[in-house]
Amino acid sequence: MNKKIFVASLAVVAAFVAEPIQAQTAKGAITPQVLAEIRASQPNGPADKALRNAVVANGMTFVNSAKTDFPDAQFSHRVESKGITDQQSSGRCWLFTGMNVLRARMITDNNMGKFFFSHNYSFFWDQLEKANLFLQGIIDTRNKPMDDKMVEWLFKNPIGDGGQYTGVSENLMKYGLVPSEVMPETRNSNNTSALNRILSKVLRQGGMRLRQAAEQGAGEAKLDTQKKEILKRVYRILVLNLGEPPTEFTWSMRDASGKIVSTEKYTPQSFYQKFVGEDLREDYVMVMNDPSRPYYKLYEIDYDRHTYDGKNWTYVNVPIEDIKQMAIASIRDSTMMYYSCDVGKELDRTRGVLAMDNNDYASLLGEDFTMTKKERIQTFDSGSSHAMTLMAVDLDAAGKPTKWMVENSWGADNGAQGYLIMTDEWFDAYTFRLVVKKKYVPAKVLDILKTKPTRLPAWDPMFADEQ
């Protein structure tokens with residue numbers, strides 16, 4: 001090789017190799033000088049070394065061992081219930097929560113003992129409806145490119161076991177209810193991950209085939225026929241995993257002493273009408289506390305529903321004090337509510353206590369976390385993650401709440417015998433959604449329901465499914 005060419009080649013290679021090093025010294029990078037300053041700032045005394053050794057060996061533990069003022073389970077106002085549900089390894093908290101509200105009323109109204117609706121029955125129809133929602137969404141967006149935001153969102157979220165209140169209202173009013181013994185839980189209803197994976201694969205492939213058929217000129221009638229064939233396969237998978245839903249059944253109702261008081265033949269719809277009988281879509285209002293958006297406004301979440309022919313999740317955003325007043329009115333009137341929050345924050349799972357001082361971050365890390373609720377939402381640090389049944393409040397002499405209690409769906413061995421107790425301060429910080437009967441909602445909030453909602457996209461981070 002010519003010597004000049006060789007030298008020139010070496011220069012090019014050297015420049016290429018040196019480029020990453022030069023990039024590291026650019027403005028804003030961690031330079032050797034910055035790194036030296038960071039290293040020099042680290043404490044290195046005997047106590048610091050002991051702390052490092054403890055954390056390396058045992059992990060980070062933030063439990064506030066000095067905390068002694070744990071809230072007790074005494075409440076001035078409490079709605080009674082019998083029995084604790086367990087969603088096990090599934091994301092069906094939204095379904096358990098909605099049914100817990102309804103079963104508490106059914107037990108009270110009929111002087112019954114412990115009773116449960118079949119979550120498996122309703123989950124079956126939820127999965128079939130979600131499959132149709134996805135497939136019809138693919139048909140509706142067939143003329144959009146694959147990188148369109150909505151098409152991308154659909155394929156990322158073909159189906160799942162999580163959800164929210166509209167999944168309860170639409171499902172139960174369309175398909176009715178059955179008692180738990182009529183369609184009991186199965187291994188795969190309690191452990192939904194494998195079912196979710198296979199249904200997602202079936203639906204994604206089906207969605208692609210629908211788009212390909214549309215590209216080849218298939219009209220809506222042909223696409224609808226193709227969609228039905230995919231739904232037949234989904235139905236078969238659901239039957240294999242969950243069992244086939246009954247169309248009619250005979251059930252005996254027992255009173256609190258265990259005595260049979262009636263034996264009748266029902267359909268799921270007639271059972272719903274007899275023991276629930278209300279319009280879950282029109283008789284309830286969803287309110288939200290999201291300080292990152294304007295209050296006293298109506299919002300609608302695009303595509304946030306469980307059935308294609310259902311209604312998008314619509315809510316009124318209100319200050320937390322408004323939510324508290326509605327909740328107190330409902331509890332005083334012995335009516336539980338669908339409630340959701342960021343349950344994983346500051347949770348003492350053993351005691352079943354949610355309190356802002358459960359953890360002591362400053363002693364171990366030297367960190368004080370001072371973001372407001374608005375800032376936590378804006379930075380994706382917090383959002384609604386779990387639904388439970390709000391059932392109790394403790395009011396002081398001035399009528400102000402000091403603590404709250406929810407009935408959870410993690411089993412009786414979790415938390416305070418299946419319940420979680422939250423301080424009022426925690427309630428302010430991590431409460432997001434409440435579904436409350438209209439009669440407990442102030443007129444000024446009801447009037448907002450008559451206004452045109454601001455429509456938010458399906459992928460808004462505040463509206464992930466509750467699990």
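A salt bridge is a side-chain nitrogen of Lys or Arg within 4 Å of a carboxyl oxygen of Asp or Glu. Side chains of opposite charge can pair when their charged atoms come close. Keep that in mind for this tour of a predicted model.

**Stop 1: Glu170 and Arg281**

Select Glu170 and Arg281. Their side chains meet in a salt bridge, at 3.5 Å from N to O. Now trace the chain between them. Glu170 sits in helix H7, while Arg281 is in the loop between helix H11 (268-275) and strand E4 (284-288). The pair links distant parts of the chain, 111 residues apart. Is Glu170 buried or exposed? Glu170 counts as buried, because its relative accessibility is 8% and the cut-off for buried is under 20%. Arg281 is partly exposed, with a relative accessible area of 40%.

**Stop 2: helices H5 and H7**

Next, show the side chains where the helices meet. From H5, pick Tyr121, Ser122, Trp125, Asp126 and Glu129. From H7, pick Asn171, Leu172, Lys174 and Tyr175. Colour the residues of this contact by type: four are nonpolar, two polar and three charged.

**Stop 3: a pair within one helix**

Move to helix H6, residues 149-156. Select Lys156 and Glu152. They form a salt bridge, with the closest N and O atoms 3.7 Å apart. How many residues apart are Lys156 and Glu152 in the helix? They are four residues apart, so about one helical turn separates them. Lys156 is exposed, with a relative accessible area of 56%. Glu152 is partly exposed, at 32%.

**Stop 4: a pair between strands**

Select Arg455 and Glu300. The closest N and O atoms of this salt bridge are 4.0 Å apart. Arg455 lies in strand E14 (residues 454-456) and Glu300 in strand E5 (residues 297-301). Glu300 is buried, with a relative accessible area of 16%.

**Stop 5: a network**

Finish with four residues at once: Glu321, Lys324, Asp424 and Asp428. What joins them? Salt bridges that share partners connect the four into one network. Now zoom out. How many salt bridges does a search of the whole structure find? The search finds 32.

Key. Residues are numbered from 1 along each chain as its sequence is written. This is a predicted model: local features need pLDDT of at least 70, side-chain atom pairs count only at pLDDT 80 or more; totals for chains, interfaces and linings use all residues. Side-chain values use heavy atoms; hydrogens and water are left out. Contact means heavy atoms within 4.5 Å. Helices (H or I, at least four residues) and strands (E, at least two) are DSSP runs, numbered from the N terminus. Ala, Val, Leu, Ile, Met, Phe, Trp, Tyr, Cys and Pro count as nonpolar, Asp, Glu, Lys and Arg as charged, and the others, Gly among them, as polar. Buried means under 20% relative accessible area, exposed over 50%, partly exposed in between (1.4 Å probe, protein chains only).
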